[in-house]
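Subject: Handover of a structure

Dear colleague,

I am passing the structure below to you for your studies.

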Amino acid sequence: MTDELLTIGAFAARARLSAKALRLYDRLGLLAPAQVDEASGYRYYRAGQVERARLVAMLRQLDMPLARIAEVVEAGGAAGADVLAAYWADVEARVAGQRTLAEYLRGRLSGRSSEMYGKFVVETFLLPEQAVIAEKRHTLADELPAWIGASLGRLVAASRECGGVTAAPFVVYHSEVSMESDGPAESCVPVADEAAARAWAAEQGRAWETQVRVEPAQRFAYTRISKAQVAHPQIMAAFEAVEEWITAQGLEQAGPCREIYFADWDAAGPDDVVCDVAFPVT
């Protein structure tokens, strides 16, 4: 009988949980008793609450935040399953990133850095003077991919009012972007008409921290990487490989590093080259 009232001890035994766990679930707002005796304070549960109690216990074993547990149990059925699936996809993505970072750090700690750097071919190229429209933002590493996609999308769309795109879009890192440091980073799109670009930027105001500037002709040391290598922390090895090469060649860094995106990101596969990791040099 699902309407049967059970003492907390009897309910705990049926749910295969401790009374302490049930008190915690009550305190957290995840599973309230069906009835509390006003005089004695004794908690009573209905037999029909057993399934919810077991579900909460299992979800807690996934280290799911309390708010997400509440979403799952309140939604129930297919909707609850969808909430769980979305949460677990986020977990797997985070663990995959942590696994890659651990492998990268093992390489560094074991002295295999030169082996990692040797996988990258570093060359130089001369980039001519160009006018760019830009959007700058302080951002942490976990927010960076979404911001790059959104900001470059906005700038490419705006380029139609500025004579069109004349070269590959790029992102400049004016300071470190990590989980502790927020840059800033700057998305840039080269455009044909500087005067039109300045008029466009004036209309935007400070909405997206937009600006226009003319970049001087510069020589860059760079290495070309695949879409899979763009992910953090794989890309760190590419940056470090270029820095090592610059030092070995007796050159000096002449400004902040950048990522130059020359391929169709959405159409590219994991092994397709899509990006140059580059440093201006003298």
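A pocket is an open set of grid points with protein on both sides within 12 Å along at least five of seven lines. Please keep in mind that this is a predicted model.

The largest pocket holds about 1600 Å³ of space. It is lined by 44 residues, and those closest to its centre are Ala-141, Leu-144, Pro-145, Ala-231 and His-232. Several elements supply at least two lining residues each, namely helices H5 (77-109), H7 (144-158), H9 (227-230) and H10 (234-248), together with strand E10 (258-261). Helix H5 gives the most to this lining, with 9 residues. By type, the lining of the largest pocket comprises 25 nonpolar, 9 polar and 10 charged residues.

I turn next to the interior. In soluble globular proteins, nonpolar side chains tend to be buried together. Here, the largest nonpolar core has 39 residues, and Ile-133, Ile-148, Tyr-173 and Ile-225 have the most contacts inside it. At least two residues of this core come from each of H7, strand E6 (170-173), strand E7 (185-191), helix H8 (194-204), strand E9 (218-226), H10 and strand E11 (273-281). Helix H10 gives the most to this core, with 7 residues. A second, separate core consists of 25 residues, among them Leu-17, Val-50, Val-72 and Val-83.

With its neighbours within four places in sequence left aside, Ile-133 is in contact with residues including Leu-155, Cys-162, Val-189, Trp-200 and Val-212.

Finally, there are the aromatic rings. A search of the whole structure finds 7 aromatic pairs. One of them joins Tyr-173 and Phe-239 edge-to-face, at 6.4 Å centre to centre with 85° between the planes. Because Tyr-173 lies in strand E6 and Phe-239 in helix H10, this pair ties together parts that are 66 residues apart in sequence.

Phe-239 also pairs with Phe-279: the ring centres are 5.9 Å apart and the planes are at 85°, so this pair is edge-to-face. Since Phe-279 lies in strand E11 and Phe-239 in helix H10, the pair ties together parts that are 40 residues apart in sequence.

Are these two phenylalanines, Phe-239 and Phe-279, buried or exposed? The cut-off for buried is under 20% relative accessible area. Phe-239 has 13% relative accessibility and therefore counts as buried, and Phe-279, at 4%, is buried as well.

Elsewhere, ring pairs link Phe-125, Phe-220 and Tyr-222 into a cluster.

Yours sincerely,
A colleague

Technical notes. Residues numbered from 1 in each chain as written. Predicted model: local features only at pLDDT ≥ 70, side-chain atom pairs only at ≥ 80, totals over all residues. Heavy atoms only, no water. 1 Å grid on protein atoms, 1.4 Å probe; cavity = no way out; pocket = protein on both sides within 12 Å on 5 of 7 lines; lining within 4 Å. Points joined across faces, edges and corners; volume = space filled by probe spheres on them. Helix = DSSP H or I, 4+ residues; strand = E, 2+ residues; numbered from the N terminus. Nonpolar A, V, L, I, M, F, W, Y, C, P; charged D, E, K, R; others polar. Core = buried A, V, L, I, M, F, W, Y, C linked by side-chain atoms within 4.5 Å. Buried < 20%, exposed > 50% of the residue type's maximum accessible area, 1.4 Å probe, protein only. Contact = heavy atoms within 4.5 Å. Phe/Tyr/Trp six-rings, centres within 6.5 Å; stacked < 30°, edge-to-face > 60°.
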